[in-house]
Amino acid sequence: MNPFQWVRAEILRSAWRRGLYTPPDRRVLEGDILPELARDPTVTRLLFVGVQWYTRHYPDQFGGKTFATIDPDPEVARLGGNPHAVGRVQDIEEHFPGLVFDAIVMTGVIGYGLNDRDEVDRALGACAKALRPGGWLVLGVDELRPMHVDPSASPASRQFEPRPFGASASARLDVAIPFKERWHTFLFWQKKARS
Ligand SMILES: C[S@@+](CC[C@H](N)C(=O)[O-])C[C@H]1O[C@@H](n2cnc3c(N)ncnc32)[C@H](O)[C@@H]1O
């Protein structure tokens, strides 16, 4: 990233914090992916992994549905959905015993705390266990991030199949972003009926 791009990225981050700008990948998540899941009558229980100031309004569009959240940082618990668990995605079962989800959205977590191949595999295994057959796992990753781990290389990924999602009719969506990661990739996977 050259100095001009770095300054531009910092200005855009600051504008985002002040509500004056929304990054392109957020626009896709907030304007396309979450509304598509909220509209889907087969999705009544969703788990959103990883909570921040900019995700606090996400439960709003899921009125009448369960929008659960999980994050190990107790500081962000007040920004979560209902129910919210202070914990790791690898331990979903322990935090939401008996809850079967129709969709799990995990954006910006791989490479942002979930950085180890074995832990990514555990996380994907826990998601597969918590989802019903046919349930959606929507992953959002920054492939150029040094800590990125390719989820498709994980043995637990075999319990899912990539499936076209929403209007993009594609199982993979690359969105250019004005930050050093350069693009954000959404992967749309469905839990196989039998794995
Ligand atoms: C960059 S933020 C991403 C927030 C949000 N998911 C998004 O759409 O961008 C990363 C968040 O993931 C959380 N996180 C890191 N490791 C995690 C894990 N193993 N399980 C659940 N959340 C985790 C961090 O605490 C942090 O709040």
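**A note on the predicted model: pocket, cores and ring pairs**

1. Asp32 is found in helix 2, where helices (H or I, at least four residues) and strands (E, at least two) are DSSP runs, numbered from the N terminus. At 47% relative accessibility Asp32 counts as partly exposed, given that buried means under 20% relative accessible area, exposed over 50%, and partly exposed in between (1.4 Å probe, protein chains only). Although Asp32 and Gly166 are 134 residues apart in sequence, their C-alpha atoms are 7.8 Å apart in space.

2. A word on how to read the values. This is a predicted model, in which local features need pLDDT of at least 70 and side-chain atom pairs count only at pLDDT 80 or more, while totals for chains, interfaces and linings use all residues. Residues are numbered from 1 along each chain as its sequence is written, and side-chain values use heavy atoms, with hydrogens and water left out.

3. The largest pocket has a volume of about 660 Å³. A pocket is here an open set of points on a 1 Å grid over the protein atoms alone, where a 1.4 Å probe fits and protein lies on both sides within 12 Å along at least five of seven lines; lining residues have an atom within 4 Å of a point. Grid points are joined across faces, edges and corners, and the volume is the space filled by probe spheres set on the points. The lining of the largest pocket consists of 34 residues, and Tyr54, Thr107, Gly108, Val109 and Tyr112 are those that lie nearest its centre. Two or more lining residues are given by each of helix 1 (3-17), helix 2 (24-39), strand 1 (45-49) and strand 2 (66-71).

4. Thr107, one of the residues nearest the pocket centre, has its place in strand 4 and is buried, with a relative accessible area of 8%. Leaving aside residues up to four places away in sequence, Thr107 touches Arg26, Leu29, Phe48, Val49, Leu139, Gly140, His184 and Phe186, where contact means heavy atoms within 4.5 Å.

5. Which residues touch the most other members of the largest nonpolar core? A nonpolar core is a set of buried Ala, Val, Leu, Ile, Met, Phe, Trp, Tyr and Cys residues joined through side-chain atoms within 4.5 Å. The largest one holds 30 residues, and Leu47, Ile92, Phe101, Ile104, Met106 and Leu137 touch the most other members. At least two residues of this core come from each of strand 1, strand 2, strand 4 (101-107), helix 4 (117-130), strand 5 (131-141) and strand 8 (183-191), and helix 4 supplies the largest share, seven residues. Apart from this core lies another, of 20 residues, among them Val28, Leu29, Trp136 and Val175.

6. Rings of Phe, Tyr and Trp (its six-membered ring) pair if their centres lie within 6.5 Å, and planes under 30 degrees apart count as stacked, over 60 as edge-to-face and the rest as tilted. By this rule the count comes to ten aromatic pairs. The rings of Trp136 and Phe165 have their centres 5.1 Å apart and their planes at 85°, so this pair is edge-to-face. Because Trp136 lies in strand 5 and Phe165 in the loop between strand 6 (160-162) and strand 7 (172-176), the pair ties together parts that are 29 residues apart in sequence. Trp136 is buried at 11% relative accessibility, and Phe165 is buried at 6%.

7. Phe165 also forms an aromatic pair with Phe188, and this one is stacked, with 4.7 Å centre to centre and 5° between the planes. The pair links distant parts of the chain, since Phe165 is in the loop between strand 6 and strand 7 and Phe188 is in strand 8, 23 residues apart. Phe188 is buried, with a relative accessible area of 1%. Elsewhere, ring pairs link Phe48, Tyr58, Phe62 and Phe67 into a cluster.

8. Two backbone details deserve a look. The peptide bond from Asn82 to Pro83 is cis, with omega near 5°, and Pro83 lies in the loop between strand 2 and strand 3 (84-86). Arg182, in the loop between strand 7 and strand 8, has a phi near 70°, a positive value in a residue other than glycine; Arg182 is exposed, with a relative accessible area of 53%.
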